Amino acid sequence: MMAPSNHIPFDQTSSSLEAIAAIKSPDRLLITGPEQTPIAFGCDQDWYQSRWQRQAGCGPCTSATILYYLSATRKSLAALFPYPSFNYDTMNVYMHDIWHFVTPGLRGVNDASILVNGICKYAATLGIELEASIFPVPAKPAPREPFQAWFDSIKEALERDIPVAFLNLSRGHLKNLDSWHWVTVTALFLKNNQILAEIADSGERKMIDIMKWYQSSRLGGATVYFWPD
């Protein structure tokens, strides 16, 4: 198991950023380490034990981050995170728990249905029914919905205080995002003519240009969010 490492949160105070939508309590995703200082924004797949888990664990890691947030912000969903406290130690155990439900295959969690089925199955073991909304982004040259439709689906979830799971199969022209990768979208911003998304990416809090991604990604991906039935 990799030792926890510090990830510096992205600075949102820039005067050029205009907030569009965001989850209400992003600081709940700050995970503290042994000295009670924040070391990550959402869980880090490098905390998994085996090499394969660390390589392929972005899907279950993203699932654990989202499930924890839902449990922490809604009393009816509190059972989704069955531990008395939230820190590196408990999140490390929890993300291993979720691995058994959102389990990567030989190509990882490369389809949104794998993540959706796993999360809903996990919730059902606790007597909780979750509904999922999936917005697929097909690979080129297949036609895609207008960017605005995809953007609106993410915005709607964030306005409902629901973080969004984002599957990126190819990063397109983005330099700060890995391909074949799941991350958690927590906010949307406007910067000049750019549409930016704040994401939790393997413990790091950072910004990506989602309009550039949508226009340049060759393989597409999907976004997913969950709410109680």
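Which residues does Leu-80 touch, not counting residues up to four places away in sequence? Leu-80 touches Leu-67, Leu-70, Ser-71, Tyr-94, Tyr-122, Ala-123, Leu-126 and Ile-128, where contact means heavy atoms within 4.5 Å.

This is a predicted model, in which local features need pLDDT of at least 70 and side-chain atom pairs count only at pLDDT 80 or more, while totals for chains, interfaces and linings use all residues. Residues are numbered from 1 along each chain as its sequence is written, and side-chain values use heavy atoms, with hydrogens and water left out.

Leu-80 is also among the residues with the most contacts inside the largest nonpolar core, which has 70 residues. Such a core is a set of buried Ala, Val, Leu, Ile, Met, Phe, Trp, Tyr and Cys residues joined through side-chain atoms within 4.5 Å. Buried means under 20% relative accessible area, exposed over 50%, and partly exposed in between (1.4 Å probe, protein chains only).

The whole structure holds 4 salt bridges. A salt bridge is a side-chain nitrogen of Lys or Arg within 4 Å of a carboxyl oxygen of Asp or Glu. The table lists some of them.

| Lys or Arg | Asp or Glu | N to O distance |
|---|---|---|
| Lys-155 | Glu-159 | 2.7 Å |
| Arg-205 | Glu-198 | 3.0 Å |
| Lys-206 | Asp-201 | 2.8 Å |

Both Lys-206 and Asp-201 are buried. Arg-205 and Glu-198 are buried too. Shared partners join Asp-27, Glu-198 and Arg-205 into one salt-bridge network. By contrast, Lys-155 is partly exposed at 24% relative accessibility, and Glu-159 is partly exposed at 49%.
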